[in-house]
Each structure stands twice: as structure tokens, then as C-alpha cells.
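Let's take a walk through this one together.

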Amino acid sequence: MKRKGKWKEKILFFMRDRYGQNDVLNKHILFFGFLSLVIYPFTNHLFWLVLSLILLSYSYFRMLSKNKSARKKMRLIKNG
């Protein structure tokens, strides 16, 4: 049982001060990434696979980023 707690603590420590949210832009990037991934098997063009990998990677990069200045601006705007 204690092992689960340690993993949870490690993940929480890793995600501290990270963006981790799905804002509107990130939701659209994820949508088009998965859409291009669905289109790929039907067209068999490598373009769709590469596009989906780029979009999904960028979306996860945005979720896991620690851009502190941008997060500070968002908090200031959100709190008024």
C-alpha cells in the first residue's frame, strides 16, 4: 500500500508548477492530432501520421511545461 503513496507523491512533485490544464488551444490541438491519427489508416499518407505525432507531442509539451512567466500572467488575469 505504501508504494502507491510514494508513486502518487512522485507524480504530484513532478507536476508541481506545471501547466497541466487543457485550455481551448490545447483541446483543439489534441482534437486535430487525434483526427489526423484517425485519417491516416484510410489515406495511408505518411503526412497524416507525422502531423498527428507533431500535434500530440506539442500538446503534451504544453501540458507539462513549466513556463512560469506565462503561468503568472494567467493567474493575474484569472484573479483579476
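Start with Leu35, which counts as partly exposed because its relative accessibility is 35%; here buried means under 20% relative accessible area, exposed over 50%, and partly exposed in between, with a 1.4 Å probe and protein chains only as cover. Leu35 sits in helix H2, residues 24-43. Helices are DSSP runs of H or I with at least four residues, strands are runs of E with at least two, and numbering goes from the N terminus.

Before going on, some ground rules: this is a predicted model, where local features need pLDDT of at least 70 and side-chain atom pairs count only at pLDDT 80 or more, while totals for chains, interfaces and linings use all residues. Residues are numbered from 1 along each chain as its sequence is written, and side-chain values use heavy atoms, with hydrogens and water left out.

Back to Leu35: together with Phe31 and Phe32, Leu35 makes a nonpolar surface patch of about 300 Å². (A nonpolar patch joins Val, Leu, Ile, Met, Phe, Trp or Tyr side chains within 5 Å, from residues with over 30% relative accessible area and no salt bridge, a salt bridge being a Lys or Arg side-chain nitrogen within 4 Å of an Asp or Glu carboxyl oxygen; areas come from the Shrake-Rupley method with a 1.4 Å probe.)

Further along H2 is Ile39, which is also partly exposed, because its relative accessibility is 26%. Ile39 and Ser52 are 13 residues apart in sequence, with 9.6 Å between their C-alpha atoms.

Just after H2, Asn44 takes a positive phi of about 60°.

Zooming out, the protein chain has 4 helices and 0 strands, running α-α-α-α from the N terminus. Of its 80 residues, 18% count as buried. The chain exposes about 7,000 Å², with carbon and sulfur atoms supplying 68% of that area. Among contacts between residues at least 6 apart in sequence, 64% join residues at least 24 apart.

Methods
Patches are made of residues with over 30% relative accessible area and no salt bridge: like charges are joined within 9 Å, nonpolar side chains (Val, Leu, Ile, Met, Phe, Trp, Tyr) within 5 Å. Contact means heavy atoms within 4.5 Å.
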